[in-house]
Amino acid sequence: MFKVSICTAIATSLFFLLFSSPPKPSHHSLYISSSLSDNASISHHLYTLTRRPHIAGSKANADAAAYVLSTLSSYAIKSHIVSYDVALTYPVSRSLTLIRPSPEPSTTFDLRQEIYDGDPYADVASEVVPTFHAYAKSGTVAGPVVYVNYGRVEDYEVLKEMGVSVEGTVVLARYGKIFRGDIVQNAFAAGAIGAVVYTDRKDYGGGGGDARWFPDDKWMPPSGVQVGSLLTVDGDPTTPGWASTRDECERLSEEEVENGGGVGMIPSLPISAADGEAIMRTIGGQVANDDWQGSTDAPVYRVGPGPAILNLSYTGEQKITTIQNVFGVIEGTEEPDRFVLLGNHRDAWTFGAVDPNSGTATLLEVAQRLRKLQKRGWRPRRTIVLCNWDAEEYGLTGSTEWVEENREMLASKAIAYLNVDSAVSGAGFYASATPQLDELLKQATQQVQDPDNSSQSIYESWVGSSNSPIIGRLGGGGSDFAAFVQHVGVPATDISFGAGYPVYHSMYDDFIWMKKFGDPMFHRHAAAASIWGLVALRLADEEFLPFDYLSYAYELQKSAKELEGEISNKGINLIPLFKSIEKFKRAATKINHQRKEIEENKGWASIWKKEHLKVRELNDRLMMAERAFTDRDGLLGRPWYKHLIYGPLKHDDYGSKSFPGIDDAIEKAKSQSTEKSWSLVQHEVWRVSRAVIDASLVLNGELT
């Protein structure tokens, strides 16, 4: 019986060696070849997805979901929709009147974005939702205007030094630097009764002077308005921490949501550069600092207050609205219970050619290429899940609700989450990641040709004149990776071409803008699909997960050194943190050696030595180590954010911070300057140290 088993095993191995499909690396090379990419198909997908405005909860967005579903199904990818009923807000009425000192006349702004001559979308422009801030507080306020630059905490410190109070005023802030929700929250905290946020020509309009704007150039037209959400929590604010399932579920009341502070606390509106400049011309008082000034031909920016008065009125309504996440699943053959997830959102404030449907079109390109690989015999080792999220613009809502519903499954089975939001807005490759995926990103970009310079790889253009590419960290809440990283602790990446674009969240983010300025030949889209899919294939197919935790250890050391410089004279003991990082570094080195030993011992003997079980066990340790950086209690005052290594800045949801809990405690201690407040900083240092040690134990895979 024993001899038969050996013979059977040998015969089976010989069969696979002689008759199986080509090894997976050859399929990976084929995936990134020009023979499989389809620029015309990408262009067609983007055109179709952006034919109408499709805000979350609209019929047009449901139609877009149906298009994504049918496209995935046409590629023979098993697909389905998961719906949630969530609380979204929409504008009912808005008005903004500038009241000048007598005898100057008042101005009531029309708050409308203008169509342009020959606009091919003029027939559906009326479907664009009026400019507003989602989750803004309804109400009518009137007060003198104070200019607050970008509305950051440090900007209010400058005003305080100038002797300018914003108490009882309506602030005028220009968008940039921080999340708009934090602009309004900071205004409320400073005592303002209303907020108006505009897109300065200096930042979005080409700098003034003889600059041209869309459709003649890439810049935001003077009437362009950047809309967006104010929500500073992730997901449906009425179901914090649990999913907004379609069946009856527990919900907070609107009053409870407001008391939680995650929504707008004062009435606010987004306005255009033209309207912002008109208001600016009426502000008196001290001249603002040079770095607060606008473009060369702009009026002199003064801080106020007044003498002009702004009368701002906004009424919104909250609706329980159905949203739809679309999924395509390619089941793994050897480890179907391990998931590699690729995600992008579909909903847009208007047409969404860049944000987000350049990413959606790229996701469909990835799906099409994977189908072509399947036709050539490829099957993934692990399961690949293609995710198309809804209501991201409102507050990462679709992805967050799904992660909250599937938290335990993801915590035990998710290998990594690979995010793309605005895949293409211009030239230049940008990436962020949790550090164990840094090396994988670098290797993938070395294999893909730069779409703007065929003589070099994307990696070569990415590095430029520096020694190594800059890879950001996923601490902020800017896209759908947030729930995966910060709530569950799943390794993740986020990639794009272009670092931003002038017509962001406006009516002019349409297919024409992309065709003329973003990616005329759709080469950047194809390159994004190559990198995105190649990273996914390696995670799904390689026997050993291509995670490098030594990179993580070096990143932790770097962050700890920066922290040491920040609080060097505050009596905080960082020795526990540095010691824990050293333990983590040793654990990362050890697991690398263990992997090498398994690889060297493999051969015919491994057929009955069950080496595959050792591989599985080692991979599980690599997969679970990131989870150990989370803490069940979460950040102090922000319990949903459970990752102690990376999280959003307290006063800028877009900003990423290493050791966010320590940073929050330091900010509080600096303002209170008490022994108790600094002891809280020390406590947070211990919390992070324990999390790093926990991750070391997971990598070691042994009980203490």
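User: How is the radius of gyration taken here, and what is the globule rule?

Analyst: The radius of gyration is taken over C-alpha atoms; the globule rule is 2.2 Å times the number of residues to the power 0.38. Now the case here, which is a predicted model. With 704 residues, the rule puts a compact globule near 27 Å. The protein has 26 Å, so the two agree.

User: What box do the C-alpha atoms fill?

Analyst: Along the principal axes, the box is roughly 105 × 65 × 55 Å.

User: How many helices and strands are there?

Analyst: The protein has 24 helices and 18 strands. Now look at contacts between residues at least 6 apart in sequence. Of these, 80% join residues at least 24 apart.

User: What share of the residues is buried?

Analyst: The cut-off for buried is under 20% relative accessible area. By that count, 58% of the 704 residues are buried. The accessible surface comes to about 27,900 Å². Carbon and sulfur atoms hold 52% of that surface.

User: How far apart are the mean positions of the positive and negative charges?

Analyst: They are 6 Å apart. The protein has 69 positive and 88 negative charges.

User: What describes a pair of aromatic rings?

Analyst: Two values do: the distance of the centres and the angle of the planes. This structure holds 34 aromatic pairs. One of them is Y121 with F351, at 5.0 Å centre to centre and 45° between the planes. That pair is tilted.

User: Why does the pair of Y121 and F351 tie together parts of the chain?

Analyst: Because of where the two residues lie. Y121 is in the loop between β2 (107-108) and β3 (133-134). F351 is in the loop between β10 (335-345) and α10 (357-375). The parts are 230 residues apart in sequence.

User: Are Y121 and F351 buried or exposed?

Analyst: Both Y121 and F351 are buried. Next, take Y552 and F584: 6.0 Å centre to centre, 75° between the planes. This pair is edge-to-face, since planes over 60 degrees apart count that way.

User: Where do Y552 and F584 sit in the chain?

Analyst: Y552 is in helix α19 (residues 549-566). F584 is in helix α20 (residues 575-601). Y552 has 0% relative accessibility, so Y552 counts as buried. F584 is also at 0%, and therefore buried.

User: Which residues form one aromatic cluster?

Analyst: The cluster is made of Y116, Y175, F214, Y501, Y504, Y508, W513 and F517.

Note on methods
Residues are numbered from 1 along each chain as its sequence is written. This is a predicted model: local features need pLDDT of at least 70, side-chain atom pairs count only at pLDDT 80 or more; totals for chains, interfaces and linings use all residues. Side-chain values use heavy atoms; hydrogens and water are left out. Helices (H or I, at least four residues) and strands (E, at least two) are DSSP runs, numbered from the N terminus. Buried means under 20% relative accessible area, exposed over 50%, partly exposed in between (1.4 Å probe, protein chains only). Contact means heavy atoms within 4.5 Å. Accessible areas come from the Shrake-Rupley method with a 1.4 Å probe; for residues, only the protein chains shown count as cover. Lys and Arg count as positive and Asp and Glu as negative; His and the chain ends are not counted. The place of a charge is taken as NZ of Lys, CZ of Arg, CG of Asp or CD of Glu. Rings of Phe, Tyr and Trp (its six-membered ring) pair if their centres lie within 6.5 Å; planes under 30 degrees apart count as stacked, over 60 as edge-to-face and the rest as tilted.
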